[in-house]
Amino acid sequence: MIKISVIIPVYNASRYLRRCLDSLCTQSYGCFEILCVDDGSADDSLDVLQHYAAQDSRVKVIHQANAGASAARNRALEEVQGDVVGFCDADDTYHPEALANIAKIFSNNECDVLVTAYEVAKPDGSRHRLGREAEYEYSARELQERIMYDSCVRGFTWNKFFKAHLLEGVRFDEHLSHCEDMYFVSQVLKRNPEIKVLQSPVCTYAYFDNGDSVTRDPQKLLNEEGELMYVVAMQKMRELYSDDSLMNQLIRATSFRLIAENIKSFADSPETARALAAQAMEFARDYLSCGLSEYSFIKRLRRCLRLRRHL
């Protein structure tokens, strides 16, 4: 029987944490462990975790001083006892049959990495599904390319499940606060080019768009040097694929997209917006020429023209 390890970093998440843990503890499939790492929460998150651990032996609680989500995930990776590893954010949920479906897919297919469909849950209660309508097999390289431009794939860890042995020696970069999950997945794929990837139409996860994510806080989008943290992560990606011209082009195109998507956060700081727009234009040629299937050329061109207005 396949044992699944689910890793949850927790920081001041008591507002949503019970909803998250309930979605896992009530799964129809029982062979799993939940590795919860309290990352120095100042609210009652640790109390909530300890309560659930007292009620369900599958919930394991680790406490550490605040060091960030990447450090928390890395700490949990040291304790994994499952055959398959998945990740969950403390404000999101798993679907009731998620783990049963994941175990079934790994049992019936010779895959090393599983990508599933997911839902985006909006504050108004609406939900939007993102995923394929049929099974599809990828090579590690194909998945790496799709991470850069396919919204049904992306670099999230929470819509991906890994055979545990693939993660030995791979850790999250604790210096990255944005796109650290993409970099983590990319390391796994780069180190294991022969693995088989299966993308399934099965929906396993609900991502809750709460509107208060740290990734949207303009105070935390820039590092001390004024660099957009997303672009810092893309620089690490380029180093990882320094010998691959096509991947470098896709990463540069993604750098443009990430700046374009986040520049609105600096509406009250025209100088910062101007500097970011200038940086983005360095990647504009790659963004226009790389053939991203997710966006038409006209849509990409219009985005470039909008950014030019900041200059």
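**A walk through the predicted model**

Hi everyone, let's start with the sheet: strand β2 (residues 32-39) runs parallel to strand β3 (residues 59-64), and the two pair over 6 bridges. Pairing here requires that DSSP finds at least two bridges between two strands, and helices (H or I, at least four residues) and strands (E, at least two) are DSSP runs numbered from the N terminus. To get from β2 to β3 the chain passes through helix α2 (residues 45-55), in a right-handed β-α-β crossover. Right-handed means that, with the strands pointing away from the viewer, the path from the first strand over the helix to the second runs clockwise.

A quick word on ground rules. This is a predicted model, with local features needing pLDDT of at least 70 and side-chain atom pairs pLDDT 80 or more, while totals for chains, interfaces and linings use all residues. Residues are numbered from 1 along each chain as its sequence is written, and side-chain values use heavy atoms, leaving out hydrogens and water.

Now, the interior. I call a residue buried under 20% relative accessible area, exposed over 50%, and partly exposed in between (1.4 Å probe, protein chains only). A nonpolar core is a set of buried Ala, Val, Leu, Ile, Met, Phe, Trp, Tyr and Cys residues joined through side-chain atoms within 4.5 Å. The largest has 66 residues, and Leu143, Met148, Phe184, Met234 and Phe256 touch the most other members. Apart from it there is another core of 39 residues, including Ile34 and Tyr52. Leaving aside residues up to four places away in sequence, Phe184 has contacts (heavy atoms within 4.5 Å) with Leu77, Phe87, Thr157, Leu167, Val170, Arg171 and Phe172.

Next, helix α4 (residues 98-108), whose buried residues are Ala98, Leu99, Ile102, Ala103, Ile105 and Phe106. They sit on the same side of α4 because they cover an arc of only 160 degrees around the axis, taken from the directions from the helix axis to the C-beta atoms. On the face turned away from that buried side, α4 carries the exposed Lys104, Ser107 and Asn108.

And the cysteines? How many disulfides does a search of the whole structure find? The count is 0, with a disulfide being a pair of cysteine sulfur atoms within 2.5 Å. Cys290 is in none, and its nearest cysteine sulfur, in Cys304, is 10 Å away, which is too far for a bond. Cys304 is buried at 3% relative accessibility, and Cys290 is buried at 16%.
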